[in-house]
Every structure is written in structure tokens, then in C-alpha cells.
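Colleague: Could you take me through how the labels on this model were decided?

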Amino acid sequence: MVDTRRRFFLRSTAKAKVQPLPWIADRDNFTDQCTRCGDCIRACEEQVIVNGDGGFPSIDFSKGECIFCYACADHCPEKLFRSENEKPWEQVITIKDTCLTYKGVECRSCSDVCDTRAIRFQLTQGQVAQPQFNLQDCSGCGACISPCPVNAIAMENTGNE
Ligand code: SF4
Ligand code: SF4
Ligand code: SF4
């Protein structure tokens, strides 16, 4: 007889694809260590942590930005997070070629919300200004993702944490 409960357990704990929370110590093994208690989800006042793949917490930048308040880490009963004094994550944005400006349409929605000024627009004579990046200034907060009208912005992990 097939044990459906066991089958569900195996499926739900297989490596899930999640957008990691800030300060996660071991991104690669996060889904082996997280118990899916949901305490981080309830702690996030910005409501950017969702029940992701396999029931694991995952950041959903379509809902907003991370303000680096550290509440998710503070409320986690496991030892999954690094110290608040460390850099929260190694990730920056990438912009796809669907960006409206590459098609000659004026848009600056992403830079309007970027507090660190990692995205700027340079005026070029006879052309619609296109985004210029200073990715060293990108905190990976994700604030620019949801305002983009054509979903042209994605987050990319650039580190080994
Ligand atoms: S640091 Fe704060 S805003 Fe960012 S995911 Fe954690 S609880 Fe949410
Ligand atoms: S992720 Fe945050 S810091 Fe980086 S470009 Fe977008 S708004 Fe600016
Ligand atoms: S918000 Fe999106 S479409 Fe607009 S300039 Fe930024 S990346 Fe391009």
C-alpha cells in the first residue's frame, strides 16, 4: 500500500526554489534547516515574506521591499541567520531587454524609488534616457521591482553565502 503521508513529506522537503531572506547563513542548505514554522513570515511588517515553494519562507519582491529591519531573523527560533552587523546578502538587480526605455518609451519608475541611487538616468540627445547602474550601491532591497510596469527587473545572487 502507498503511504501517501510519507510521499507528501518527501515531496515537500525536496530542494525548494526560494528567494532567500536577508542574513541567511547558508543559502544552499536553507531548506534542510528551516522547519517552516512561519515565525519570520508573521514578523515581517512589510509582508514581503511569503509561503514559498514547499512551504518554505521566500521573499516576494512583487509585494514590496525589504527594509532590513532584522525582525525575521530576530523571530527565527533556529540558528539560520547571521549577525545583523554583517551584510544582509550578496544580490543585485538585473534589467531585462524588455525595459520600456530600450523600446523608446520614457520610464523612470525604478530609479524614482531607489533610495541608494543605484539606478540613474542619463540624458542622451535625441534618445530616450536609459537606466545606468551603479551596482555597488544596490542593496538588493527590491524596491524597484514592483513599480516596473513590464516586470523587467529581476534579482540576481552574486555571492557565495
Ligand atoms: S529584514 Fe524586515 S523587511 Fe526584510 S524580510 Fe526580514 S522582516 Fe521583512
Ligand atoms: S534593489 Fe533597491 S538598491 Fe538595488 S536598484 Fe533596486 S531599489 Fe535600488
Ligand atoms: S521601471 Fe522597468 S521599464 Fe521603467 S525604466 Fe525601470 S526597468 Fe525600464
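Modeller: Arginine 82 counts as buried, because its relative accessibility is 16% and buried means under 20% relative accessible area (1.4 Å probe, protein chains only), with exposed over 50% and partly exposed in between. This is a predicted model, where local features need pLDDT of at least 70, side-chain atom pairs count only at pLDDT 80 or more, and totals for chains, interfaces and linings use all residues. Side-chain values use heavy atoms, with hydrogens and water left out, and residues are numbered from 1 along each chain as its sequence is written.

Colleague: What makes glutamate 86 and arginine 82 a salt bridge?

Modeller: Their N to O distance is 3.2 Å, and a salt bridge is a side-chain nitrogen of Lys or Arg within 4 Å of a carboxyl oxygen of Asp or Glu, so the pair qualifies. Glutamate 86 has a relative accessible area of 39%, so it is called partly exposed.

Colleague: Why is arginine 42 called exposed?

Modeller: Its relative accessible area is 59%, which is over 50% and therefore exposed. Arginine 42 also forms a salt bridge with aspartate 39, with the closest N and O atoms 2.7 Å apart. Aspartate 39, at 26% relative accessibility, counts as partly exposed.

Colleague: And how many salt bridges does a search of the whole structure find?

Modeller: It finds 3. Glutamate 90 and lysine 87 form one of them, at 3.3 Å from N to O. Glutamate 90 is partly exposed, because its relative accessible area is 29%.

Key
Chains lettered and ligands numbered in written order.
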